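Try each task before you read its solution.

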Amino acid sequence: MHPHGEDPASHALRPASKFKKDYYGGALLVVVGLAAVYAGVGYRVGELAHMGPGFFPVALGGLLALTGLLIALSARGEEPASEEAVSHGHPGGMPDMRGCICIILGILAFLLFGEYGGLLPATFAIVFISALGDRDNSLTEVTLLSLAMCFIAVVVFWWALKLQLPLFQWGG
């Protein structure tokens with residue numbers, strides 16, 4: 001018997017820990033974020049009032065590294081409740097590909113609608129299609145989220161930042 005009252009053989013039968021997935025995923029985000037910071041400082045960073053070409057990669061890389069660190073730290077001590085929690089409801093540990101497929105299709109739709117439809121159709125398409133990847137979202141929730149993100153895109157990118165992508169356009 002193990003000193004804590006557990007059979008050591010039971011550890012070998014346990015499914016892969018959520019801790020490991022979150023820990024390694026967080027570590028990967030930290031590495032990618034720090035690589036972006038390293039690449040960004042090779043350019044003129046500038047300051048908040050006068051941003052240089054390296055400002056955005058450095059800021060985004062720093063936020064990505066911080067997010068990865070928080071994910072890795074929050075994963076400490078978490079153990080999955082059951083085999084179903086590890087396999088996301090699929091027998092045999094098969095991952096649910098719906099989310100991945102919807103995100104990829106959303107990005108492709110954004111590229112297509114951004115080129116031929118404008119900012120609003122592109123934003124609506126990427127949010128709507130990507131949000132369908134979560135089985136818990138209803139069509140009403142997905143539509144409301146997409147409309148809210150369109151409003152935010154107009155305010156931030158078209159009005160505040162004066163992005164050179166028209167709101168609507170027909171053809172390329």
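## Exercise 1: Cysteines

The structure holds zero disulfides, a disulfide being a pair of cysteine sulfur atoms within 2.5 Å. This is a predicted model, in which local features need pLDDT of at least 70 and side-chain atom pairs count only at pLDDT 80 or more, while totals for chains, interfaces and linings use all residues. Residues are numbered from 1 along each chain as its sequence is written, and side-chain values use heavy atoms, with hydrogens and water left out.

**Solution.** 
- Step one: look for the neighbouring sulfur.
- Step two: check the cover. Buried means under 20% relative accessible area, exposed over 50%, and partly exposed in between (1.4 Å probe, protein chains only). C102 counts as buried because its relative accessibility is 13%.
- With a relative accessible area of 9%, C150 is buried.

## Exercise 2: The whole chain

**Task.** How many helices and how many strands does the protein chain have?

**Solution.** 
- Step one: count the elements. Helices (H or I, at least four residues) and strands (E, at least two) are DSSP runs, numbered from the N terminus. The protein chain has seven helices and zero strands, so the order from the N terminus reads α-α-α-α-α-α-α.
- Step two: look at burial. Of the 172 residues in the protein chain, 19% are buried.
- Step four: look at the contacts, where contact means heavy atoms within 4.5 Å. Among those between residues at least 6 apart in sequence, 59% join residues at least 24 apart.

## Exercise 3: A pair of helices

**Task.** At what angle do the axes of helix α6 and helix α7 cross?

**Solution.** 
- Step one: decide what to report. Two packed helices are described by the angle between their axes and the distance between the axes.
- Step two: read the geometry. Axes are lines fitted to C-alpha atoms, for helices over the stretch in contact, and angles run from 0 to 180 degrees between N-to-C directions. The axes of α6 (residues 119–131) and α7 (residues 139–160) come within 8 Å and cross at roughly 145°.
- Step three: list who takes part. On α6 the contact residues include L119, T123, V127 and F128, and on α7 they include L139, M149, C150 and A153.
- The residues divide into 16 nonpolar, three polar and no charged. Here Ala, Val, Leu, Ile, Met, Phe, Trp, Tyr, Cys and Pro count as nonpolar, Asp, Glu, Lys and Arg as charged, and the others, Gly among them, as polar.

## Exercise 4: Residues of the contact

**Task.** Is T123 buried or exposed, and which residues does T123 touch?

**Solution.** 
- Step one: start with T123 in helix α6. T123 is buried, at a relative accessible area of 8%. Not counting residues up to four places away in sequence, T123 touches F110, M149, C150 and A153.
- Step two: move to M149 in helix α7. M149 counts as partly exposed because its relative accessibility is 32%. Leaving aside neighbours within four places in sequence, M149 is in contact with T123 and V127.
- Step three: compare L119, in helix α6. L119 counts as buried at 4% relative accessibility. The C-alpha atoms of L119 and V154, 35 residues apart along the chain, are separated by 8.0 Å.
- Step four: finish with L139, found in helix α7. L139 is exposed, with a relative accessible area of 55%. Not counting residues up to four places away in sequence, L139 touches F128 and L132.

## Exercise 5: A backbone angle

**Task.** What is the phi of K162?

**Solution.** 
- Step one: recall the background. Most residues other than glycine have a negative phi.
- Step two: read the value. K162 has a positive phi of about 55° although it is not a glycine.
- K162 lies in the segment after α7 and is exposed, with a relative accessible area of 53%.
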